[in-house]
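Dear colleague,

I am passing on the structure that we spoke about, and below it you will find my notes on what came out of it. Please read them with the model open beside you.

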Amino acid sequence: MTREIKVEKRVLSRNDVVATRNRVGFTERGAYVVNMISSPGTGKTTILEATLGRIVEAGRSVAVIEGDVQTENDAVRVAATGVPVEAVVTGGACHLDATMVGKAWQRLEPSLPAALDILIVENVGNLVCPSAYDVGEDEKVALVSVTEGEDKPLKYPALFNAATTCLVTKVDLLPYLEFDVEELVKNARAVNPALNIFLLSAKSGEGMDEWVEYLIGKAKDNS
Ligand SMILES: Nc1nc2c(ncn2[C@@H]2O[C@H](COP(=O)(O)OP(=O)(O)O)[C@@H](O)[C@H]2O)c(=O)[nH]1
Ligand SMILES: [Mg+2]
């Protein structure tokens, strides 16, 4: 047990060194970086697809690093929006670490504008492992959909603690469910009172403007 904890600590401190190096690179380019984390199927890629167009329409630049355990399907979906994207296929690992993101950033750099306003990282679908790994982001964004249950923040407090922002997704489905949004918000705030919480639907567009405004407000104006 003691040995396991020591090894984990060593892995995480090595990760932190690389994350710091990533952060320097991101800052040099002017990018505000978000690390999007949720279980598989919460709607990360769909939110991304809806978010990217809005960022570009606002005249701001954005790029994406797409993590998945297998397949480049999500990277292909994002590439269809015309935004620069790099895939990371972890081949089994349940999270992105700083080295994987740093290597993807190096591959991405030649296709980026001199100054990049926003970099979005879609992490591997998992509510536990990604929350422990700093990849050099400015903030972690936790996503939870209205089909997942109101208790998720209480069951996965590490993620909701590490996150700055929480997106409650698929609110277009609320009329068909017995889901108590207020209960979810109460649980999320019980874990992390400072969380920014957005209720949104990539399908209906509800809440999308507020989320994108928040994101653009965080980014530096590099123009
Ligand atoms: N009703 C509804 N379905 C959604 C919404 N966003 C995503 N989905 C569906 O949820 C499923 C998983 O979405 P995806 O974006 O691939 O999730 P990811 O695994 O978190 O990236 C897909 O079938 C989407 O069409 C939404 O806002 N409303
Ligand atoms: Mg996805």
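Which residue in β7 does V168 stand opposite? V168 stands opposite L199 in β7, and I return to that pair of strands below.

Before the details, please keep in mind that this is a predicted model, in which local features need pLDDT of at least 70 and side-chain atom pairs count only at pLDDT 80 or more, whereas totals for chains, interfaces and linings use all residues. Residues are numbered from 1 along each chain as its sequence is written, while chains are lettered from A and ligands numbered from 1 in the order in which they are written.

The sheet

Helices and strands are DSSP runs numbered from the N terminus (H or I over at least four residues for helices, E over at least two for strands), and two strands are said to pair if DSSP finds at least two bridges between them. On that basis there is an open sheet of seven strands, paired in parallel and ordered β3-β2-β4-β1-β5-β6-β7. Its edge strands are β3 (85-89) and β7 (196-199), each of which pairs on one side only. On average, and with direction ignored, neighbouring strands of this sheet are turned by 20 degrees against each other; the axes are lines fitted to C-alpha atoms, for helices over the stretch in contact, and angles run from 0 to 180 degrees between N-to-C directions.

Strand β1 (residues 32-37) pairs in the parallel sense with β4 (residues 118-122) over five bridges, and I118 is the bridge partner of Y32 there. Four bridges join β1 to β5 (residues 139-145), again running parallel, with E139 in β5 as the bridge partner of V34. From β5 the sheet continues through six bridges to β6, also parallel, where V144 stands opposite V168. Strand β6 (residues 163-169) in turn pairs with β7 over four bridges in the parallel sense.

Burial and the core

I call a residue buried if 20 or more other C-beta atoms lie within 10 Å of its own, exposed if 12 or fewer do, and partly exposed in between, with C-beta atoms placed from the backbone. All six of the six residues of β1 are buried, and this holds for both faces, with Y32, V34 and M36 on one side and V33, N35 and I37 on the other. Five of the seven residues of β6 are buried, so β6 is largely enclosed by the rest of the structure.

A nonpolar core is taken here as a set of buried Ala, Val, Leu, Ile, Met, Phe, Trp, Tyr and Cys residues joined through C-beta atoms within 7 Å. The largest one has 60 residues, and those touching the most other members are V101, I118, L119, I120, V121, A142 and L167. Contact between two residues means that their C-beta atoms, placed from the backbone, lie within 7 Å; leaving aside residues up to four places away in sequence, I120 touches V34, M36, L48, V62 and V64. Helix α8 (residues 208-218) lies across β1, β4, β6 and β7, and runs at about 145 degrees to β7.

The ligand

Around ligand 1 there are 16 residues, of which the closest are G43, K44, T45, T46 and K203; a residue is counted as near the ligand if its C-beta atom, placed from the backbone, lies within 6 Å of it. Helix α2 (residues 44-57) supplies the largest share of this shell, three residues. By type, the shell divides into three nonpolar, nine polar and four charged residues, where Ala, Val, Leu, Ile, Met, Phe, Trp, Tyr, Cys and Pro count as nonpolar, Asp, Glu, Lys and Arg as charged, and the others, Gly among them, as polar.

Two backbone points to check

Most residues other than glycine have a negative phi. T71, in the loop between β2 and α3 (73-79), has a positive phi of about 75 degrees although it is not a glycine, and T71 is exposed, with 10 other C-beta atoms within 10 Å. K170, in the loop between β6 and α7 (181-191), likewise has a positive phi, of about 65 degrees, but K170 is buried, with 25 other C-beta atoms within 10 Å.

With best wishes
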